[in-house]
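Welcome, and please take a moment to look over the structure below. The report that follows walks through some of its features, part by part.

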Amino acid sequence: MTFLKHAFITLLLAAVIGVAVAAWIITGGRFDVSVSAELPEPIHDLIHQTRVNAVRRQARDLQAPPVNLNEDAVLFEAVVGFESMCADCHHPPGGQPSALASGLNPPPANLSESARKRSIEELFWVTKHGIRMSGMPAWGSTHSDAELWPVVALITRFPDFAEADYGNLLETALEAGVEHHHHHEHHRH
Ligand code: HEC
């Protein structure tokens, strides 16, 4: 009985101290929310792994539809879509990180590497839903699945791209007069 009593009081004290420390940090504005603050490595790894696991779970019921990138119209839409929606943050193969990308923390993923590590469904899920507390937007709020799948299919080809391939492809698509357009479901100007 006295053992249980001691254990209970110890736990209670630990909880009270924990809440007090959290309150001291939170209400006192002592948590550094700046982008330039580096997180301690174990916390960084924990958040990263949480994200990777969550995306894997969310994407497990998805099934990529066939996307025929051998068709010029589809391929051109994909590259123009990537250029207008993604390239500012995720530099394409052969490109350099932009100033915008360099100022983000966590940094935008190198999508050639992501294409090797993740399934096409995982890539799609992130593209559609975004990542909370990072710069990664949810493109599903303005774009249909049908518009996003070709862009994601193009990313799965990135590992095979040579230095100049992306630039050449984009130029060809723009010369063919392909423009990026999508439905403005929520905002009409
Ligand atoms: C404003 C910057 C920004 C734009 C624009 C952007 N992203 Fe991202 N993206 C990010 C950031 C930052 C991350 C990393 C998030 C993290 O590590 O938690 C990310 C992560 C991702 C990932 C996850 C990669 C992985 O290895 O798990 C995918 C896939 C992705 N973006 C696809 C896209 C696509 C496709 C587009 C365009 C339709 C796009 N992003 C546009 C900032 C951006």
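## Salt bridges

The structure holds two salt bridges, a salt bridge being a side-chain nitrogen of Lys or Arg within 4 Å of a carboxyl oxygen of Asp or Glu. Before we visit them, note that this is a predicted model, in which local features need pLDDT of at least 70, side-chain atom pairs count only at pLDDT 80 or more, and totals for chains, interfaces and linings use all residues. Residues are numbered from 1 along each chain as its sequence is written, and side-chain values use heavy atoms, with hydrogens and water left out.

In general, side chains of opposite charge can pair when their charged atoms come close. Here are the two pairs:

| Salt bridge | Closest N and O atoms |
|---|---|
| R56 and E122 | 3.5 Å |
| K128 and D145 | 3.0 Å |

R56 and E122 form a salt bridge. This pair links distant parts of the chain, with R56 in helix α2 (residues 41-59) and E122 in helix α6, 66 residues apart. Helices here are DSSP runs (H or I, at least four residues), numbered from the N terminus. R56 counts as partly exposed at 45% relative accessibility, whereas E122 counts as buried at 10%. For these words, buried means under 20% relative accessible area, exposed over 50%, and partly exposed in between (1.4 Å probe, protein chains only).

K128 and D145 form the other listed salt bridge. That pair also links distant parts of the chain: K128 is in helix α6 and D145 in helix α7, 17 residues apart. Both partners are partly exposed, K128 with a relative accessible area of 24% and D145 with 31%.

Why is α6 described as largely enclosed by the rest of the structure? Seven of its 10 residues are buried, so the rest of the structure largely encloses this helix. The buried residues are E121, E122, L123, F124, W125, V126 and T127. Their cover includes α2, α5 and α7.

K128 is in contact with A138, W139, G140, D145 and L148, leaving aside neighbours within four places in sequence; contact means heavy atoms within 4.5 Å. The C-alpha atoms of K128 and I47 are separated by 20 Å, and these residues are 81 apart along the chain.

From helix α5 comes S114, which is buried with a relative accessible area of 7%. S114 touches A109 and L123, not counting residues up to four places away in sequence.

## Backbone details

Just after α6, G130 takes a positive phi of about 75 degrees. Further on, M133 lies in the loop between α6 and α7. Phi of M133 is near 55 degrees, a positive value in a residue other than glycine. M133 is exposed, with a relative accessible area of 79%.

The loop between α6 and α7 also holds G135, which counts as partly exposed at 42% relative accessibility. G135 and A101 are 34 residues apart in sequence, and their C-alpha atoms are 9.1 Å apart in space.

Which two residues does a cis peptide bond join? They are N105 and P106, with omega about 5 degrees. P106 is found in the loop between α4 and α5 (111-117).

## The iron site

The iron atom of the ligand is coordinated by H90 (NE2) and M136 (SD), at 2.0 to 2.2 Å. The two residues come from distant parts of the chain, 46 residues apart: H90 is in the loop between α3 (72-85) and α4 (99-102), and M136 in the loop between α6 (120-129) and α7 (145-157). Donors are N, O and S atoms within 2.8 Å of the metal (3.2 Å for Na, K and Ca); water is not among the atoms, so sites may look incomplete.

With angles of 88 to 178 degrees among its six donor atoms, the iron site is octahedral. H90 is buried, with a relative accessible area of 13%.

Definitions and conventions
Four donors count as tetrahedral if all angles lie between 85 and 135 degrees; four count as square planar and six as octahedral if opposite donors are over 155 degrees apart and all others between 65 and 115; anything else is irregular.
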